[in-house]
Amino acid sequence: MRDVGIIAVGGYEEVGRNMTAIRVGKEIVIMDMGVRLDRIQIHEETEIEKMHSLDLIKMGAIPDDKVLNNVDATVVGIVCTHGHLDHIGAVPKLAHRYKCPIIATPFTAELIRQEIESERKFEVVNKIQPLQCGEIRELTKNISVELIRVQHSIVDCAFAALHTPYGKILYACDFKIDRTPTLGELPDFKRLKQIGKEGVLAMVTESTNADHSGKTPSEQIARDMVWDALLGTEETESGVLVTTFSSHIARLKSVIEAAEKMDRIPVLLGSSMERYFGTALKMGYVEKPDNLKIFGYRRSVEKAVKQIMKEGKDKYLPIVTGHQGEPDAVLGRIASGELDFKLDAGDKVIFSANVIPNMLNQANRYSCETKLKMKGARIYDNVHVSGHAYKEDHWELLRMVKPEHVISAHGNMHMHTAYVEMAEDTGYEFGETVHILRNGQELTL
């Protein structure tokens, strides 16, 4: 008799606040503890570091882990698959309730450490244990965890495989099947096929882009798009601004390389740019070009902008925060005239990011773009490829891993439905072998 439960804590009705608890007998391993950013951003001046977890749960900003109070089992480990805030942002608010280690790849572990350091409400003393992809760590005599290398829009992303007496359980949230990545190695297909042969009882996987046909374009394509937007123009005198995800180290690397070809000085502006790229530099994931400048603090950003205007916009390539149109980010402050970066007719603003599909982001981005256009800027939109798997990537992963059961996570009902339809094409049966859960439910296998 198998005694395994998949407990949907958060992220099963929305994109964000991801958290899944996998119960093996009387032991639980938690996968991810994320925030839902739009629920925080909608309240102006929210300082999440100072807020109580119960208030954040009420706002729908972090997972409601109180559901675990009713489960007769002990949490023996927290595993985080990568460093995006919708996967690690709630660690400072929730991890202290569980007497167990936090396990993650080295880059993710360092970001978690920084998150915990800036927490002001709770004291989090859980041990953070970095684990390399390809290594296995024993949590208890019945459960070990293995991290398997995959590609996504942040470095050092992994799938987590739990080795249990009942077979393996694979947690596969946030990935793309990229065979020509511009940073890091290819996904570990060999190991994924191998665990498929060894026997996978269940796979929990994201459904975010399961409704997109085809496969996700490689990051190499995004690099070409960025280079085309930056280098494919004869107007070399105009000002150019680029905005992208601060955590997308591979994309930032491509933009910085383009700056060299344009004979411009790359300047990273914004606190999250400094945090993510600075961490990647410190840990050796990327090398620092001699002329790269990084400014994170508000004051230093203001000074840097003044210097760029004084020396000439044609000498610099500012890479700024604010791709979702967040009013307080660097691009938002340029658009509203708060920073001294003067836009002239014909200056280019390149959005190397998609709009994250929620009403708040769409409204912010529309407002930001309109303000930029009113100042004469030319907008280059969606110079981007996704970090999430499309339908055919999901098909490929299912065929590689061959789980007995598959559970759709990390999405809303529309996304789950698209995933289930794809899984049915490969021979799974809804309600029998492919499952949809709502937050707070447990599926017993």
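1. Asp65 is buried, with a relative accessible area of 1%. Buried means under 20% relative accessible area, exposed over 50%, and partly exposed in between, using a 1.4 Å probe and protein chains only.

2. Where does Asp65 sit? Its place is the loop between helix H2 (53-58) and strand S4 (74-79). Helices (H or I, at least four residues) and strands (E, at least two) are DSSP runs, numbered from the N terminus.

3. Asp65 touches Val9, Met19, Ile57, Leu94, Arg97 and Tyr98, leaving aside residues up to four places away in sequence. Contact means heavy atoms within 4.5 Å. Gly10 is 55 residues apart from Asp65 along the chain, yet their C-alpha atoms are separated by 8.1 Å.

4. A word on the source: this is a predicted model, where local features need pLDDT of at least 70, side-chain atom pairs count only at pLDDT 80 or more, and totals for chains, interfaces and linings use all residues. Residues are numbered from 1 along each chain as its sequence is written, and side-chain values use heavy atoms, with hydrogens and water left out.

5. Now the whole chain. It has 14 helices and 20 strands. Buried residues make up 60% of its 445 residues. Take the contacts between residues at least 6 apart in sequence: 75% of them join residues at least 24 apart.

6. The radius of gyration is 22 Å, which agrees with the value near 22 Å for a compact globule of 445 residues. That radius is taken over C-alpha atoms, and the globule rule is 2.2 Å times the number of residues to the power 0.38. The C-alpha atoms fill a box of roughly 70 × 45 × 35 Å along the principal axes.
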